[in-house]
Amino acid sequence: MFFKLSSFALIAVEAIEVSVEVHICSGLPSFTIVGLPDKAVNESRQRVRAAIKNSGFKFPVKKIIINLSPADIRKEGAIYDLPIAVAILAASQQIESKAIEVIKNCSFIGELSLDGQLRPVRGIISMAEEAMKTKKKYFFMPIENLKQAEMVKKTANAGAFNLNGVINMAANEKIICSQLHNIELLHKGEDKKNELDYCLDFSEVKGQLKAKRAVEIAAAGMHHIMMVGPPGTGKSMIAQRLITILPNLTTGESIEVTKIHCLTKEFDGLLIKKRPFRNPHHTISRASLTGGGISPKPGEISLAHRGVLFLDEFNQFPKKLIEDLRQPLENKNITISRNNLHYKFPCSFMLVIAANPCNCGYYGDKKRSCRCSAAEISRYWNSISGPIMDRIDIRIEVPSLDNKDIIASPESESSAKIRQRVINCHKIQAERYKNSYCKYNSEAGINYINSWISPETGIKKLLLKMIEKYNLSGRAVSGLVKITRTIADLENCRNIKTSHLLEALNYRTGQIALY
Amino acid sequence: MHYIKNHYNNADLNKDISELMLHIIYGLKVTPSAFIKEYKKRFSDIESTISFFTNGKNHADRIFNSNNYQQGLSKKEIDIGKIRKILFSEDAFILNISEKLYPELLKQIYNPPPLLFCRGSKIKTFKGCIAIVGTRKNSAYGRDVAIYLSKELSREGITVVSGMASGIDYWAHKAAIAEKGGSIGVLGCGINVIYPHENKNLYSQIIENGSIITEFIPNTPPLKKNFPARNRLISGISMGVVVVEAPEKSGALITADFALEQNREVFGVPGSIFFAESQGTHCLIKNGAKLVCCIDDILNEIQQFFQVKNRDKYKDIKQVSTACTNKRKNNNIVFNNPRTQIIYNIIGYMPKTVEEISMLSELNIQEVLQIIAELQLENIIQEKSLNQFVRI
């Protein structure tokens, strides 16, 4: 007796359809799984046998062969328990024929416990998306996963508590429909809970006007930014508040981000609406920064997708790790190759770097003198990768301030106010790039940059003067123009003006930028 | 001396005497101070001095005085042939004390080096030298002072002398070379040893536009004890020593001490009373060094040595200081844009941060940044260190 139903395997963040085939024939009783299963999949034989028996069914005393195809992709985890159990029950004709007809067009995923209860699995969003693409009638999954799967609309997802529940639902489709209705109600309540509350606000940062302005520009155009300054001047404070001025994720982005995050253990099952802020310590391993492992998992750079990757004490990171960032910064994704499979994780993030100006930290400080020799300082800056620095558009200093300045400084703007400007700026950019591959000014190509420099307004003349004085490279000029564009967008100007270009120059040619 | 290639034709140098002196000092191991003593005793008659030492009878009279500055003399034998080879390959040459090219002022000090190892070309052209010395760990202020003084002195045709170290020395040399004034670097090591290594570029620049001198034989490492000896040459070759920035214990102060001993002018540049880097110079000023607040302070003092060209001569200190303040006042520029004017007025000669400028001008940060960028492009102001701006 043969039966076939569908399930999914995860490759990076994408799911592919896997068909679970079962063949039951007479012979010496045995239970074999073929099709490149890993240890956890192989162990599912024991769980399936127990779960079937404990759910009140009979486990067929025959020769059972399970095939997971395509057979050349490694199947991992305990997620195939449910499809295998259902396939065996269908093949041994313990389910009524009406239900079998339904099951044929459905997908299953889930881990079984010995008493037949279903346990949640990782990566459900990608699977639900794939189920939608392959036009399955229903997608059966553990009830805990249902909330996540519902993020992808247009699929009929069915969540069950146990194996019996799955069989009952298949036999009686009405149950599934009523469940869907309930879920929708559930979502409405949760949306309110998930509102943006960061407990941080930009108004808490006193002084550092230039740095704050630079961060606003960086957020508006998603430019990478580097902050250099002595210890304790507010670099980390500003960086942590950066997400509070970024707009919420759009629904599409939300799903993209949640898809990545649901592959990790700390994922709490809710749709992610805040932009992620990742702040890895400099002792991080290579695999956890870029992603990796035997079955590759997303690294910090992918977890920061559509958000901020903040590398504090940048120079403390091993040089090799930093060099690894080159390609992801350019391509906005990272491909990890394992056993003739390529795992592709998206990683379009905004890089924020904080560093001290030298080893002792006080180079150029007004009050404290630096203890480093000139050779030490140049060695320090040489250790920071040139190609990475080259990709950072905005480089600013965060100098130490007099305490009296901080007290006297006027009440600064709240995050909400700044966020409003940033949102407007993002809207302008969305309009500009609607037919393009890029999304933000920082990603704009050379054709855009050329079109922004209009010869009649004196921009070109000023730019040439800047190039001559500061000896700017080609990439520096394009970075400068991108920042200028963002400043103009913040002021809602159609064309860039000389005043915008002059301001932008400050973020590119400070003392630090010249290293 | 076959190893002199480009810079001097043979007529300029007395190669035979230099060769004999090499033999006496490094072959016969007569200490340089003993040689000089004898040389001075014989009223600077080099030939009789040489014959005194080379004459076999006088072996017993050889004086070994280890307390005097020894020129890297060690107990091990020095291969004169090897030295010659190095000098040849480095395109260096030897100046002995009897020569016309040997700096006149240096001849007058208590124990001038009998032999100077030199590289470069411009040693002949100097009108007179002023030494600019200071700490290796300078502040931004110290750097600016060194550059300013060095530039102005070079314009005046005065050669700037310094010790080729990092910090103030570096900036003094750098500015002098940029002004095409030429510069003399005095080393505390052999002529073929580059120390500190980051000054490698500076070496080649000085060789092109000035010269490097040392009393130490090639291959001498930069030992600690060499530097006080070098400092006596820095002050000895110069008409005066300007101490730009020096903490309380500094090699620059040793140079100043030598300058006093050698009857040279000592100048001190004041700094902030809160800066450790300026405590040494303040001490000097307290003890009678001349306070320098503009270039005329130096020029006025050294008029006795040479004619100051293209400059007004001042009779007393009062005139000098009024001239200085007038110059500062007249520097003010008038702008059409009132906002630019406000910002320009706020930015003075002491570094101010963007923060302060924004607060004092009550303009928002965007405007401040725009105007600052504009003024920087026009070379009216410049960034000193992190976010701090001053007028040029």
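**Ground rules.** I use a predicted model, in which local features need pLDDT of at least 70 and side-chain atom pairs count only at pLDDT 80 or more, while totals for chains, interfaces and linings use all residues. Residues are numbered from 1 along each chain as its sequence is written, with chains lettered from A and ligands numbered from 1 in the order in which they are written.

**Chain A.** I looked up the secondary structure of chain A and found 22 helices and 18 strands (DSSP runs numbered from the N terminus; helices are H or I of at least four residues, strands E of at least two). The C-alpha trace of chain A spans about 85 × 45 × 45 Å along its principal axes. Of its 515 residues, 46% are buried (20 or more other C-beta atoms within 10 Å of the residue's own, C-beta atoms being placed from the backbone). I then took the contacts (C-beta atoms, placed from the backbone, within 7 Å) between residues at least 6 apart in sequence: in chain A, 74% of them join residues at least 24 apart.

**Chain B.** Here I noted 16 helices and 12 strands. Chain B has 392 residues, and 48% of them are buried. For contacts between residues at least 6 apart, the share joining residues at least 24 apart is 70% in chain B.

**Where the chains meet.** I found 25 residues of chain B in contact with 29 residues of chain A. On the chain B side, helix H15 (354–361) and helix H16 (365–377) are the elements that give two or more residues. H16(B) gives the most, with 8 residues.

Notes. Contact = placed C-beta atoms within 7 Å. Buried ≥ 20, exposed ≤ 12 C-beta atoms within 10 Å, placed from the backbone.
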